[in-house]
Every structure is written in C-alpha cells, then in structure tokens.
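I opened the notebook to record what I looked up in this structure. The entries follow in the order in which I made them.

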Amino acid sequence: MPAVKPQAAYYEMYGWQGVKALTETIAYAKAKGMFVITDGKRNDIGTTMEAYATAHLGATDVAGESVEAFGADALTVNGYLGTDGIKPLAGICKERDKGIFVLVKTSNPSSGELQDMKLENGATVYEQMGRMCESWGEELMGKYGYSAVGAVVGATYPGQLAEMREKAPHTFFLVPGYGAQGGGAEDAKNAFDKNGLGAIINSSRGIMCAWKKQGFTEEDFAEAARAEALRMKQDILNTIGEIKY
C-alpha cells in the first residue's frame with residue numbers, strides 16, 4: 001500500500017484555510033486507499049498530548065456525534081519528554097489501530113549535535129531513544145512482528161540505520177533523506193529486515209519537484225511526480241530484492 005506524509009507546517013502557515021486543506025488532503029488520500037502519516041512532530045505531556053493524539057489520530061464527541069478532526073493513520077512525534085509524552089498516543093494507537101513515528105536518528109546534517117552524544121550507559125542518545133521505542137511498543141505488536149510505535153531514522157546515515165535495524169527489531173522505520181537530501185536505495189536498504197519489510201522510505205522534494213528535473217512544466221506536475229514515484233519504487237525493489245510476507 002502506498003503511503004503519503006503531508007507536512008502540517010506547510011498547511012498551518014496559511015491559517016485556518018490551510019488547516020482545512022490538510023483535512024481535505026488526508027480525506028482524499030485515504031479515499032484513494034493510501035496510508036496517511038501526518039508529519040507534525042508533536043510533543044507534550046498529559047491532557048495536552050491527549051488532545052494532540054485525539055486531534056490527529058482519534059475522534060472527539062461533538063453534540064453527540066463522534067468526529068475525526070484529521071483522521072490520519074499515523075503521526076510523527078518527538079519523544080524527548082519521555083513516557084509522559086508517548087503514553088497518551090499509545091492508548092489511541094491501541095484503541096483505533098493507529099501508529100506513531102518517534103524521532104530517533106533524524107536525517108538533517110546537525111542531528112549528531114545531540115543525537116550522537118554518549119550517555120553514561122555507553123549508548124548514544126539515538127540508541128537510547130530506539131530502545132524506548134521498543135519498550136513503548138511491546139503491547140502494540142502487529143502480525144508481522146512490528147509495533148505501532150515506529151521510529152524516524154534517516155537514510156543519510158546508513159551506518160546508524162543498520163545499527164538501529166539490529167537493535168530495534170520490532171520497530172517500524174520511517175526513513176527520510178532519500179532523494180533531495182542525498183540518500184539513495186543503497187543507503188535506505190539497511191532499514192529493511194531479511195524479508196524486505198520494516199520500513200517506509202520517504203521522498204518529499206524528489207517527488208514534488210520532479211517536474212523541474214525532468215524538464216516538465218508546472219502543468220505536468222502530476223505526470224512527473226508519478227514517474228519519479230515509480231522510478232523510486234523500482235530502485236528500492238532492485239536493491240532489497242523480493243518482499244516476503
């Protein structure tokens with residue numbers, strides 16, 4: 001199943017009209033059978049995090065009617081407030097068959113300033129966060145051995161990606177960095193397990209701006225995006241081999 005990851009910031013910058021458009025984007029994608037990951041990187045605790053969880057993954061009672069504000073299938077979150085910030089999300093994931101992706105080893109150049117630092121136990125910050133994802137997901141396991149608590153691990157750091165695949169065997173990965181950020185299929189392949197499962201590889205600008213590289217006009221945006229998505233799919237399949245369910 002294809003997945004799409006709308007970035008909430010690019011909608012929110014247009015105010016309430018943009019937020020309305022985000023709702024419509026998610027509804028359209030789901031109507032086409034896509035798995036929708038809202039890239040919001042939400043982070044808080046207690047009732048505030050419960051509200052974020054309800055907004056993006058759950059439903060609210062409005063005059064006796066259960067209403068989904070956004071209705072995404074998954075949400076990116078920042079786990080640096082610890083369990084207090086994840087527990088409210090985990091509850092909704094279990095109740096409504098939803099998922100989250102926790103920032104672990106991000107793809108940006110300066111990620112190592114904090115994430116690569118060593119803790120007293122000898123682990124890096126990103127490794128410790130990966131361990132916490134494994135723990136948070138223990139009661140949310142799916143049929144293929146992965147939990148509803150996923151992790152964001154960038155393709156721009158293939159060594160760390162391979163390390164985390166080994167150390168977080170039950171954590172599904174969302175892998176940014178393919179395409180415009182410099183990552184390729186050879187970098188991203190470390191996210192997958194021996195069956196070719198365990199990861200979603202993300203390409204944003206590489207697909208959205210494909211028309212610029214292919215010599216198309218803006219009017220041919222959709223055709224160029226489709227061609228790049230298919231090329232990316234084949235590139236990854238050629239690298240990881242047959243997917244076994």
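**Entry: helix 7**

I looked up helix 7, residues 158-167, and found Q160, L161, E163, M164 and R165 buried. Buried means under 20% relative accessible area, exposed means over 50%, and partly exposed lies in between, with a 1.4 Å probe and protein chains only as cover. Helices are DSSP runs of H or I with at least four residues, strands are runs of E with at least two, and both are numbered from the N terminus. I then asked what covers the buried residues of helix 7. The cover includes strand 6, helix 6, strand 7 (149-153), strand 8 (173-175) and helix 8 (185-188).

**Entry: what kind of model this is**

I noted that this is a predicted model, where local features need pLDDT of at least 70, side-chain atom pairs count only at pLDDT 80 or more, and totals for chains, interfaces and linings use all residues. Residues are numbered from 1 along each chain as its sequence is written, and side-chain values use heavy atoms, with hydrogens and water left out.

**Entry: helix 4**

I turned to helix 4, which has 14 residues. Helix 4 reaches 20 Å from its first C-alpha to its last, close to the 20 Å expected at 1.5 Å a residue. The expected span is 1.5 Å times one less than the number of residues. I listed the buried residues of helix 4 as G85, I86, P88, L89, A90, I92 and C93. Their cover includes helix 3, strand 5, strand 6 and helix 6 (125-136).

I also checked G82, which lies in the loop between strand 5 and helix 4. G82 is buried, with a relative accessible area of 15%. Leaving aside neighbours within four places in sequence, G82 is in contact (heavy atoms within 4.5 Å) with M132 and W136. For G82 and Y157, I wrote down 75 residues apart in sequence and 24 Å apart in space, C-alpha to C-alpha.

**Entry: helix 3**

Helix 3 (residues 46-57) has 12 residues and spans 16 Å from first C-alpha to last, close to the 16 Å expected at 1.5 Å a residue. Which residues of helix 3 are buried? I found M49, A53, H56 and L57. They lie on the same side of helix 3, because they cover an arc of only 80 degrees around the axis. The arc is that of the directions from the helix axis to the C-beta atoms. Covering these buried residues are, among others, strand 2 (35-42), strand 5 (74-77), helix 4 (83-96) and strand 6 (99-105).

**Entry: positive phi**

I kept one general point beside this entry: most residues other than glycine have a negative phi. I looked for positive values in such residues.

- K41, placed in strand 2, has a phi near 50 degrees. K41 counts as partly exposed at 40% relative accessibility.
- A63 has a phi near 55 degrees and sits in the loop between strand 3 (60-62) and strand 4 (65-67). A63 is exposed, with a relative accessible area of 82%.

**Entry: salt bridges**

How many salt bridges does the structure hold? I recorded 13. A salt bridge is a side-chain nitrogen of Lys or Arg within 4 Å of a carboxyl oxygen of Asp or Glu.

I followed R231, which is partly exposed at 41% relative accessible area. R231 forms a salt bridge with E228, with the closest N and O atoms 2.9 Å apart. R231 and E228 are three residues apart in helix 11 (residues 221-240), so they are separated by about one helical turn. E228 counts as buried, at 13% relative accessibility.

R231 also meets D235 in a salt bridge, at 3.9 Å from N to O. D235 and R231 are four residues apart in helix 11, and therefore about one helical turn lies between them. D235 counts as partly exposed, at 24%. Elsewhere, salt bridges that share partners join E127, R131, E163 and K167 into one network.

Another pair is K189 and E186, whose side chains meet in a salt bridge at 2.8 Å, N to O. K189 counts as partly exposed, at 34% relative accessibility.
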